Amino acid sequence: MIRWTGLFLTIALALLAGCATAPAPHATGFVTDPKPVSETTYCPKERPNVIFDKLPDGYRITLGETGSTFGKWRLLYELPDNLTGCSFRVEHDVPELNADNLLVVRVSWLDEEQVLLRSSYLERESPSAFSRSLRRPEGARYVALDCGVRYAPGRSVTFRKAECRAAEVKPRPVRLVVVKGTPKAGKLATCEDNQNRMALVLDNLIAAGETPDLVVFPETFLTRWVPNLVDKGAQPIPGPHTEFLGAYARKLNTNIVVSMREKVEDRYYASVAVIDREGKVVGRYRKAQFTVGEYESGYDWGTELPVFDLDFGRIGVLVCWDLWFPEAARVLRLKGAEIIAYPIASTNATYFDTIWPARAVENGLYLAAAISGTSGSCPARIIGPDGKVRAETWRSQTYAATTVDLSEPFFMPWLSVSKGAGESNFYMFERHPALYRDLTAPEEQLKAIGK
């Protein structure tokens with residue numbers, strides 16, 4: 001009996017020792033990390049003068065001085081059955097190449113036969129690292145992480161510390177509300193009338209039990225169609241109008257974007273105030289792209305395109321005529337905006353079927369457009385990164401609402417990739433900025449180029 005007890009004790013101690021010394025794999029819950037399968041390099045066979053140097057924790061890729069177009073290091077992983085998502089990260093040593101999109105850090109999801117299903121770019125985490133967490137697409141058995149360099153003859157780039165780990169990609173739901181309103185018209189119309197119409201929409205949100213994260217009002221609704229205004233009806237920001245809406249922001253526990261005329265000493269701006277859930281003004285945008293009538297009316301224009309970090313994500317703001325110029329929306333996306341709040345005033349426009357979805361698609365973001373005009377003439381709309389309308393309303397003093405998931409990627413067939421579907425952020429990461437420098441070149445230089 002003593003002999004068997006001693007044997008059991010010896011086995012138990014051995015097992016405990018093994019548990020104490022054996023390295024445990026990284027895991028999220030009970031899901032292990034993807035299993036590395038292979039590590040390869042690639043360059044076009046027609047342009048073979050690319051040098052690949054294997055390093056202890058990565059690869060150095062050097063393109064030839066002439067003729068080299070592309071070289072990449074690929075890591076292939078097999079996905080465990082119960083894995084739902086992966087987090088990816090890789091470091092590099094040439095931060096300045098990011099500015100011209102010369103580095104390619106991309107994930108490709110593959111099926112059982114290693115046929116491409118979907119592809120996504122990693123986002124820039126810092127000047128020297130890319131990272132991103134992505135959900136596993138249906139049917140994916142493998143995932144490939146590609147680290148490459150393009151358009152940079154003679155340049156050398158080192159990629160290292162590439163990681164692919166199990167991750168749960170949590171939803172990021174955001175409840176968006178856009179308002180369609182008709183200001184009061186006529187000789188007796190006042191700003192108070194219009195503010196009451198804004199309050200009516202907010203009271204209806206409360207009565208309906210809505211819990212929005214962001215409410216967007218139309219362009220300069222407070223003062224539109226109001227005659228004989230002193231100082232153009234402009235107010236300081238913060239001021240009486242933002243305080244009025246701030247009280248509603250606290251009641252609804254929401255963020256509010258409101259367009260209004262702003263006065264700063266002897267200057268006037270067509271501005272937008274961003275109000276947080278506590279009713280505080282946390283941001284301001286001044287309309288930058290004016291129509292002829294606006295600058296002839298004595299308004300000053302804004303000179304910046306800021307983005308605002310709210311508690312659910314990052315937004316940008318454009319107003320009316322701003323959106324017709326694609327550069328403005330592109331700058332906001334490059335600064336990390338996930339949603340563009342878009343106050344506009346209109347009557348019989350049709351560009352909501354063309355310009356609006358174009359800006360959403362070409363930048364891979366949501367457009368939340370609030371509009372003032374007569375009932376039935378034009379809609380307030382929420383448009384997704386795929387250009388599809390998520391919610392709309394055509395009736396005055398009403399709102400459209402929908403919940404979007406900012407963690408959800410959008411894929412389109414034949415977007416850049418020859419097979420499978422590419423994500424809508426391909427537009428951002430396959431840009432070639434060196435081609436676009438003429439956009440800001442002096443006129444004399446452009447004329448010389450034209451000749």
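Me: A cavity is a set of grid points where a 1.4 Å probe fits but cannot get out, and its lining residues have an atom within 4 Å of a point. Which residues line the largest cavity?

Reply: The structure is a predicted model. A search of the whole of it finds one cavity of 30 Å³ or more, and the largest cavity has a volume of about 30 Å³. Its lining consists of Val179, Lys180, Gly181, Arg197, Met198, Val201, Phe217, Pro218, Phe221 and Gln397.

Me: Which elements give two or more residues to the lining of the largest cavity?

Reply: The lining includes Val179, Lys180 and Gly181, and also Arg197, Met198 and Val201. Two elements give two or more residues each: strand E14 (173-181) and helix H2 (191-207).

Me: How many residues of each class are in the lining of the largest cavity?

Reply: Lys and Arg count as charged, and Gly counts as polar. Lys180, Gly181 and Arg197 are among the lining residues. By class, the lining has two charged, two polar and six nonpolar residues.

Me: Which element gives the most to the lining of the largest pocket?

Reply: The largest pocket holds about 880 Å³ of space and is lined by 34 residues, with Glu123, Arg132, Arg333, Glu338 and Leu406 nearest its centre. At least two lining residues come from each of strand E10 (123-126), strand E11 (129-135), strand E20 (313-317), helix H5 (326-334) and H7. The element that gives the most, with three residues, is E11.

Me: How many residues in the lining of the largest pocket are charged?

Reply: Asp, Glu, Lys and Arg count as charged. Among the residues nearest the centre of this pocket are Glu123, Arg132, Arg333 and Glu338. The lining as a whole divides into 13 nonpolar, nine polar and, for the class asked about, twelve charged.

Me: Which element gives the most to the lining of the second largest pocket?

Reply: The second largest pocket has a volume of about 370 Å³. Its lining has 13 residues, and those nearest the centre are Glu327, Arg330, Arg431, Tyr436 and Leu439. At least two residues each come from H5 and helix H6 (355-363). With five residues, the element that gives the most is H5.

Me: Is Leu435 buried or exposed?

Reply: Leu435 sits in the loop between helix H7 (426-429) and helix H8 (443-450). Together with Tyr436 and Leu439, Leu435 makes a nonpolar surface patch of about 330 Å². Exposed means over 50% relative accessible area. Because its relative accessible area is 58%, Leu435 is exposed.

Me: Which residues does a cis peptide bond join?

Reply: Most peptide bonds are trans. The cis bond here has an omega of about -5°, and its proline lies in the loop between strand E15 (214-216) and helix H3 (240-252). The residues joined are Ile237 and Pro238.

Me: Thr220 is not a glycine and has a positive phi; is Thr220 buried or exposed?

Reply: Most residues other than glycine have a negative phi. Thr220 has a phi of about 35° and lies in the loop between E15 and H3. Buried means under 20% relative accessible area. Because its relative accessibility is 12%, Thr220 counts as buried.

Me: What is the phi of Cys320?

Reply: Cys320 lies in the loop between E20 and H5. With a relative accessible area of 14%, Cys320 is buried. Although Cys320 is not a glycine, its phi is positive, at about 45°.

Methods. Residues are numbered from 1 along each chain as its sequence is written. This is a predicted model: local features need pLDDT of at least 70, side-chain atom pairs count only at pLDDT 80 or more; totals for chains, interfaces and linings use all residues. Side-chain values use heavy atoms; hydrogens and water are left out. On a 1 Å grid over the protein atoms alone, a cavity is a set of points where a 1.4 Å probe fits but cannot get out, and a pocket is an open set with protein on both sides within 12 Å along at least five of seven lines; lining residues have an atom within 4 Å of a point. Grid points are joined across faces, edges and corners, and a volume is the space filled by probe spheres set on the points. Helices (H or I, at least four residues) and strands (E, at least two) are DSSP runs, numbered from the N terminus. Patches are made of residues with over 30% relative accessible area and no salt bridge: like charges are joined within 9 Å, nonpolar side chains (Val, Leu, Ile, Met, Phe, Trp, Tyr) within 5 Å. Accessible areas come from the Shrake-Rupley method with a 1.4 Å probe; for residues, only the protein chains shown count as cover. A salt bridge is a side-chain nitrogen of Lys or Arg within 4 Å of a carboxyl oxygen of Asp or Glu. Buried means under 20% relative accessible area, exposed over 50%, partly exposed in between (1.4 Å probe, protein chains only).
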